[in-house]
Amino acid sequence: MHPEKFKQVAELPTADRHAYFVRKVADTQEVWGLYHAGWATAQVDGKVAISLWPDAAFAQACASGDWMDFQPRAIALDDVLTKWLPGMAGNDQLAFVFAVPQGSASVVAPADLLADLREEARQYE
């Protein structure tokens with residue numbers, strides 16, 4: 001990804017980054033996480049939140065601090081829709097969508113992210 005595009009997208013407000021995430025993963029059919037003997041998570045209001053990104057470059061940019069040893073790993077969108085999000089909902093976890101270094105992420109219920117992704121996918125049919 002071109003550095004200027006990376007900078008522009010990373011500086012978007014949280015809600016706009018969430019919308020970018022939904023569009024991008026519907027287009028590429030993959031979601032990115034950070035992995036090192038387990039997936040990168042955050043704690044939000046006492047719940048585990050699984051961190052997800054639209055591109056390896058954005059995930060890599062967050063591989064510091066507690067996630068310093070983590071590496072970007074792709075997850076097929078179909079697996080996210082059929083396994084990950086339903087499983088996260090069943091485990092009372094949240095989705096931590098498109099975090100940026102020294103910034104925020106969109107924190108959403110898995111069912112809400114699933115609805116967003118399915119709605120976007122319908123536009124590609």
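Does Asp 92, at 47% relative accessibility, count as buried, exposed or partly exposed? Asp 92 counts as partly exposed at that value, where buried means under 20% relative accessible area, exposed over 50% and partly exposed in between, with a 1.4 Å probe and protein chains only.

This is a predicted model, in which local features need pLDDT of at least 70 and side-chain atom pairs count only at pLDDT 80 or more, while totals for chains, interfaces and linings use all residues. Residues are numbered from 1 along each chain as its sequence is written, and side-chain values use heavy atoms, with hydrogens and water left out.

**Two aspartates in loops**

Asp 92 lies in the loop between helix 4 and strand 5 (94–97), helices (H or I, at least four residues) and strands (E, at least two) being DSSP runs numbered from the N terminus. Most residues other than glycine have a negative phi. Asp 92, although not a glycine, has a positive phi of about 55 degrees, and Asp 45, which is not a glycine either, has a positive phi of about 50 degrees. Asp 45 is found in the loop between strand 2 (41–44) and strand 3 (47–52), and with a relative accessible area of 77% it is exposed.

**Helix packing**

Helix 5 (residues 110–122) packs with helix 4 (residues 77–90) and also with helix 2 (residues 14–28). In the table, axes are lines fitted to C-alpha atoms, for helices over the stretch in contact, and angles run from 0 to 180 degrees between N-to-C directions.

| Pair | Angle | Axis separation |
|---|---|---|
| Helix 4 and helix 5 | about 160 degrees | 9 Å |
| Helix 2 and helix 5 | about 50 degrees | 9 Å |

Helix 2 is thus oblique to helix 5, whereas helix 4 and helix 5 are roughly antiparallel to each other; angles under 35 degrees count as roughly parallel, over 145 as roughly antiparallel, 65 to 115 as roughly perpendicular and the rest as oblique.

On the helix 4 side, Leu 77, Leu 81, Leu 85, Met 88 and Ala 89 meet Pro 110, Leu 113, Leu 114, Leu 117 and Arg 118 of helix 5, contact meaning heavy atoms within 4.5 Å. By class, this contact has nine nonpolar, no polar and one charged residues, where Ala, Val, Leu, Ile, Met, Phe, Trp, Tyr, Cys and Pro count as nonpolar, Asp, Glu, Lys and Arg as charged, and the others, Gly among them, as polar.

**The nonpolar core**

The largest nonpolar core has 41 residues, and among those with the most contacts inside it are Phe 21, Leu 34, Leu 113 and Leu 117; such a core is a set of buried Ala, Val, Leu, Ile, Met, Phe, Trp, Tyr and Cys residues joined through side-chain atoms within 4.5 Å. Its largest share, six residues, comes from helix 4.

Leu 34 sits in strand 1 (residues 30–35) and, at 0% relative accessibility, counts as buried. Beyond its neighbours within four places in sequence, Leu 34 is in contact with residues including Trp 39, Trp 53, Trp 67 and Phe 70. Phe 70, in turn, is placed in the loop between helix 3 (56–61) and strand 4 (71–76), and is buried with a relative accessible area of 11%. With neighbours within four places again left aside, the contacts of Phe 70 include Leu 34, Tyr 35, His 36 and Ala 63. The C-alpha atoms of Phe 70 and Gln 60, ten residues apart along the chain, are separated by 8.3 Å.
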